[in-house]
Structure formats: structure tokens, C-alpha cells
Amino acid sequence: MPDEFRELTQLIERLHRRFLDVLRTELDRLDIHDINPVQCLLLSNIGREEINVRNLMDRGYYQGSNASYNIKKLVEVGYLEQKRSPRDRRSTLLKVSDRGLKLIERVRDLEARQAKAIGNLTQDGSIVGALKLMRRIERYWDDYIEGRA
């Protein structure tokens, strides 16, 4: 069982890297060369929300220095808008620009195509079971980090 668990955690990491490769391929197909796959994923994770940088990092997607660098680049190339919060001038709010929203729509189309293709491969519903397992692992790890497990 420990060997399978170790393999599972390694697979999670590889799948993340492979998905970034998928995004890189799609960006190339769309002839978009001013952002990288990590930045594309960051835009997708923000979506239509207006979010402060702290909340974005609290979601667990990004480390501080990586997020700061990628946010700066996305603002520079016009995919992301950044402004000071009216309630707390120390806080910065992020919003995906119209240009970024168009890219997100293309990423959503890619995800829909991929979900359909993968769904056809998993007619037994195993993708749903895998998702439930991943959520349970995430909750357990959150509990472990917080000292509840």
C-alpha cells in the first residue's frame, strides 16, 4: 500500500506537469507566445473573479515569489489588470482583462474537448471516482498540515 500511495503522489505531480505541456501545445497552436503555461493556468484559476493576491496564494496554487513574478508579467502583456483595493490600500486586487477572458474561453474549450475525450475512455465513471479520491487526499493533507490528523 505505501508503494501505491507513493506512486499516486508521483503521478499527481507528473499529471500537473503534463497538463502544463498540454497548455504549452495549445498556446503554440493559438500562436500565443507572450505568456507561458503557468501564467495561462493562473489566469484560468482567477477566471471572472476579482481577487486579491493573498487569497490567490491562500488557495494553495502559488508561492509568493512565483505569483508576484507571473502577475507582473500578465499585467505587462495585458492579460491581467491590477488595482489597489478601495477598502485596504495595502491590498492589490486582480481581475482578468478582456484579452485574458478570451484566452480563458479558449482554455475552457480545450478542457471541454479533453474531458469529452477522456470521458470516452472512462465509460465506467472511474474519472468521478478518481476525483473523489483526490479530494479526500487533499482534505486529509489539509488536516495533517493543520494538526487535525
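Reader: How many helices and how many strands does the chain have?
Author: This is a predicted model, numbered from 1 along each chain as its sequence is written, in which local features need pLDDT of at least 70 and side-chain atom pairs count only at pLDDT 80 or more, whereas totals for chains, interfaces and linings use all residues. Side-chain values use heavy atoms, with hydrogens and water left out. Helices (H or I, at least four residues) and strands (E, at least two) are DSSP runs, numbered from the N terminus. Along the sequence these elements follow the pattern α-α-β-α-α-β-β-α-α, and the count is six helices and three strands.

Reader: What percentage of the residues count as buried?
Author: A residue is buried under 20% relative accessible area, exposed over 50% and partly exposed in between, using a 1.4 Å probe and protein chains only. The C-alpha atoms fill a box of roughly 50 × 45 × 20 Å along the principal axes, and of the 149 residues in the chain the buried share is 29%.

Reader: In what order do the three strands stand in their sheet?
Author: Two strands pair if DSSP finds at least two bridges between them, and β1 meets strand β3 (residues 92-96) in the antiparallel sense over three bridges. The three strands form an open sheet with antiparallel pairing, in the order β1-β3-β2.

Reader: Where in the chain is N52 found, and is N52 buried or exposed?
Author: N52 stands opposite L93 in β3, and, leaving aside neighbours within four places in sequence, N52 is in contact (heavy atoms within 4.5 Å) with S91, T92 and L93. A polar atom of its side chain lies 3.1 Å from the backbone nitrogen of R54. N52 is found in strand β1 and, because its relative accessible area is 19%, N52 counts as buried.

Reader: Which residues of α2 are buried?
Author: Helix α2 (residues 37-46) lies across β1, β2 and β3, running at about 95° to β3, where axes are lines fitted to C-alpha atoms, for helices over the stretch in contact, and angles run from 0 to 180 degrees between N-to-C directions. This helix is mostly covered, with eight of its 10 residues buried. Those residues are P37, Q39, C40, L41, L42, L43, S44 and I46.

Reader: What residue follows α2 with a positive phi?
Author: At the start of α2, a side-chain oxygen of N36 reaches to within 3.0 Å of the backbone nitrogen of V38. After the helix comes a residue with phi near 60°, namely G47.

Reader: Which side chain makes a polar contact with the side chain of N70?
Author: N70 belongs to helix α4 (residues 64-76) and is buried, because its relative accessible area is 6%. Leaving aside neighbours within four places in sequence, N70 touches N36, V38, Q39 and L42. A polar contact is a pair of N or O atoms within 3.5 Å, of which, within protein, one must be able to donate a hydrogen and the other to accept it, while residues adjacent in sequence count only if both atoms are side-chain atoms. For the side chain of N70, the partner, at 3.0 Å, is the side chain of Q39.

Reader: Which residues make the contact between α1 and α6?
Author: Helix α1 (residues 2-29) and helix α6 (residues 126-145) pack at about 100°, with their axes 13 Å apart. The two are therefore roughly perpendicular, a term for angles of 65 to 115 degrees, whereas angles under 35 count as roughly parallel, over 145 as roughly antiparallel and the rest as oblique. The contact is made by F5, L8, T9 and I12 of α1 and by L133, M134, I137 and W141 of α6.

Reader: How many nonpolar, polar and charged residues does this contact have?
Author: Ala, Val, Leu, Ile, Met, Phe, Trp, Tyr, Cys and Pro count as nonpolar, Asp, Glu, Lys and Arg as charged, and the others, Gly among them, as polar. By these classes the contact of α1 with α6 has seven nonpolar, one polar and no charged residues.

Reader: What phi does D31 have?
Author: D31 lies in the loop between α1 and α2 and is exposed, because its relative accessible area is 59%. Although D31 is not a glycine, its phi is positive, at about 60°.
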